[in-house]
Amino acid sequence: MRILGIDPGTVRMGYGVIEGEGDDARAVDFGVLTAPASTEPPARLAILFDALTKVVARHRPDVVAVEEPFVAANVRSAMLVGEARALALLAAARAHIPVRQYSPAEVKQSVTGHGASPKEQVQTMVRLILRLDADPKPDAADALAVALCHARMVRLEQALERGR
């Protein structure tokens, strides 16, 4: 199974493509799509959408896993992340790829064993799980963590199904 994980953002959008299930997954590609912060928001969204569409076309994932926004005191920030999340949903829908969504706590729990882990711990665990040479950049690490979360959820769902 090929999974595209996305960490949405309106200036930086992390992406990570993995192949495999559970802990047998390997990294295929990962990085950060960027749009200049000085650009007007609609133009930034267009830049990110075009770049994400190219990632989807290049890797042809079986599923897209997207991190849901963390809504705290800053509602404006959550709305901006929601706009970026919509880009990921649209790119997947246009390519007829199913989408799964996970909360930040689910992603961290899946990768580090603790739902409130700091970013540095997520980076380190992603590097260890995927056997990378170095910690990926934070946005890319988060996207890879989302993809790993989905891979582990698939394995868990399969085990539960076999147990019925």
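Colleague: In which sense do β1 and strand β2 run, and how many bridges join them?
Modeller: This is a predicted model, in which local features need pLDDT of at least 70, side-chain atom pairs count only at pLDDT 80 or more, and totals for chains, interfaces and linings use all residues. Residues are numbered from 1 along each chain as its sequence is written, and side-chain values use heavy atoms, with hydrogens and water left out. Strands are DSSP runs of type E with at least two residues, numbered from the N terminus, and two of them pair if DSSP finds at least two bridges between them. β2 covers residues 12–19, and with β1 the sense is antiparallel, the number of bridges being six.

Colleague: Which residue in β4 is the bridge partner of Gly5?
Modeller: β1 also pairs with strand β4 (residues 63–67), in the parallel sense and over four bridges. The β4 partner of Gly5 is Ala65.

Colleague: How many residues of strand β1 are buried?
Modeller: Buried means under 20% relative accessible area, exposed over 50% and partly exposed in between, with a 1.4 Å probe and protein chains only. Arg2, Leu4 and Ile6 point one way from β1, while Ile3, Gly5 and Asp7 point the other way, and all are buried. For β1, residues 2–7, the count is therefore six of six.

Colleague: What pattern does the protein chain follow along the sequence?
Modeller: The protein chain has five helices, which are DSSP runs of H or I with at least four residues, and five strands. Their order is β-β-β-α-β-α-β-α-α-α.
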